[in-house]
Amino acid sequence: MAHLVVAYILWFFGGAWGLHHFYLGRDRHAFIWWSTWAGCFGLGWVRDLWRIPEYVYAANKDPGYLKDLNEKAKLYPIPQFNVVRFAGEVIVGFLFGILIRICIPDDFVALFIGRVLSIIVPPFAVAIGVHLVGNVNPEKVNFQWALLGAYISIPMLTLDSGNNLVYSSILSAIAVNWQGKNWNRDYLEKRGLCKRIFVLTVCGLLYLSLWSSAIYFNATITTKEGDEVPLREAINNFFTSPAWADTKESFRNLYKYYQEHGWENLYNKIVDSLDPLGESKAYKDLGVHENASEEEIKKSYKKLVKQWHPDKHIDPDKKAEAQKRFIEIQEAYETLSSIKTKRAQRNKKSRSSSQDHREHTEF
């Protein structure tokens with residue numbers, strides 16, 4: 001049995017992802033909320049504030065709710081026109097259509113087959129969006145009518161004007177509200193939780209893959225020189241860059257280390273490679289190796305401090321660079337000093353404990 005308080009808690013903390021709808025068995029509703037930023041940018045989430053009690057009655061098969069629904073179905077054999085549902089069908093249909101359209105790269109659209117696909121496929125996505133909203137309980141719509149309405153607008157579609165998909169969404173919504181909708185008599189039937197989660201997961205992954213494609217083909221990266229580089233080119237260049245080659249080599253070395261030393265030692269190796277204390281960076285900044293003695297560290301530190309002291313530089317650019325380098329050297333020396341002091345204290349404490357243990361054993 002669904003509880004009103006639980007539904008409101010889920011609405012407050014997870015309403016943007018449709019958790020309260022999933023809890024109440026309204027999976028399509030949940031997916032719409034998740035895929036349209038809390039029901040068309042938060043509007044649906046706010047509207048649920050006073051709609052949740054009715055959803056809870058439906059989930060619990062409340063006798064009073066079922067009686068009212070049956071009387072309404074007898075009075076109106078076909079569900080009445082609902083402005084909010086109609087607007088939702090248009091908006092979600094348009095969003096789905098635009099998403100599919102921007103997934104098709106512009107250079108592919110320049111080809112004949114790409115041109116054809118950019119006209120034919122987006123209206124199909126529009127029909128899916130309209131059908132999805134139209135099937136939110138307790139109503140259902142016919143997909144053929146949603147498809148017919150979406151494709152009527154094909155003569156108006158152009159390659160450069162995604163706004164024409166608005167006409168496709170409106171006509172699709174008009175078609176299902178004119179002839180393609182009915183009452184859903186089976187929506188109160190229970191469905192298995194595993195099946196529900198599986199279906200929503202598949203739909204969610206498909207939706208995320210479409211957004212990933214849209215970002216991949218349309219996003220750009222701006223360099224510090226102000227040049228705009230398409231994201232797909234930047235990614236391709238990254239996989240041929242020295243940085244990626246070094247990354248692959250690091251993973252290969254870690255795998256070899258795992259084969260030789262096992263999981264536990266691999267974890268310690270990874271932690272050390274992440275340099276959580278900044279020790280490796282400090283050695284690098286001071287220009288000494290990691291096994292350098294305290295005397296060698298001090299010697300390098302004094303040399304670098306004299307070399308990079310800001311007062312020795314007159315040029316503003318060089319002075320700024322020297323100031324930055326001087327601070328790095330100071331911080332590196334302080335880091336190593338702090339680390340070595342803590343280790344010395346820990347080793348002293350460890351030796352003292354070992355000595356006390358031996359004395360106690362001998363006594």
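Okay, let's start with His20: leaving aside its neighbours within four places in sequence, His20 is in contact (heavy atoms within 4.5 Å) with Ala7, Leu10, Trp11, Gly15, Trp33, Asp48 and Ile52. His20 sits in helix 2, residues 19-23; helices here are DSSP runs of H or I, at least four residues, numbered from the N terminus. His20 has 0% relative accessibility, so it counts as buried. Buried means under 20% relative accessible area and exposed means over 50%, with a 1.4 Å probe and protein chains only.

Before I go on: this is a predicted model, where local features need pLDDT of at least 70 and side-chain atom pairs count only at pLDDT 80 or more, while totals for chains, interfaces and linings use all residues. Residues are numbered from 1 along each chain as its sequence is written, and side-chain values use heavy atoms, with hydrogens and water left out.

Now, helix 16. That one covers residues 294-307, and its 14 residues reach 20 Å from first C-alpha to last, close to the 20 Å expected at 1.5 Å a residue (that's 1.5 Å times one less than the number of residues). Which residues are buried in helix 16? Ile297, Ser300, Tyr301, Leu304 and Val305. The face turned away carries exposed Glu295, Lys299, Lys302, Lys303 and Lys306.

Last, cysteines. The whole structure has 0 disulfides, meaning pairs of cysteine sulfurs within 2.5 Å. For Cys103, the closest cysteine sulfur, in Cys203, is 16 Å away, too far for a bond. Cys103 is buried, at 13%, whereas Cys194 is exposed, at 68%.

Methods:
Helix = DSSP H or I, 4+ residues; strand = E, 2+ residues; numbered from the N terminus.
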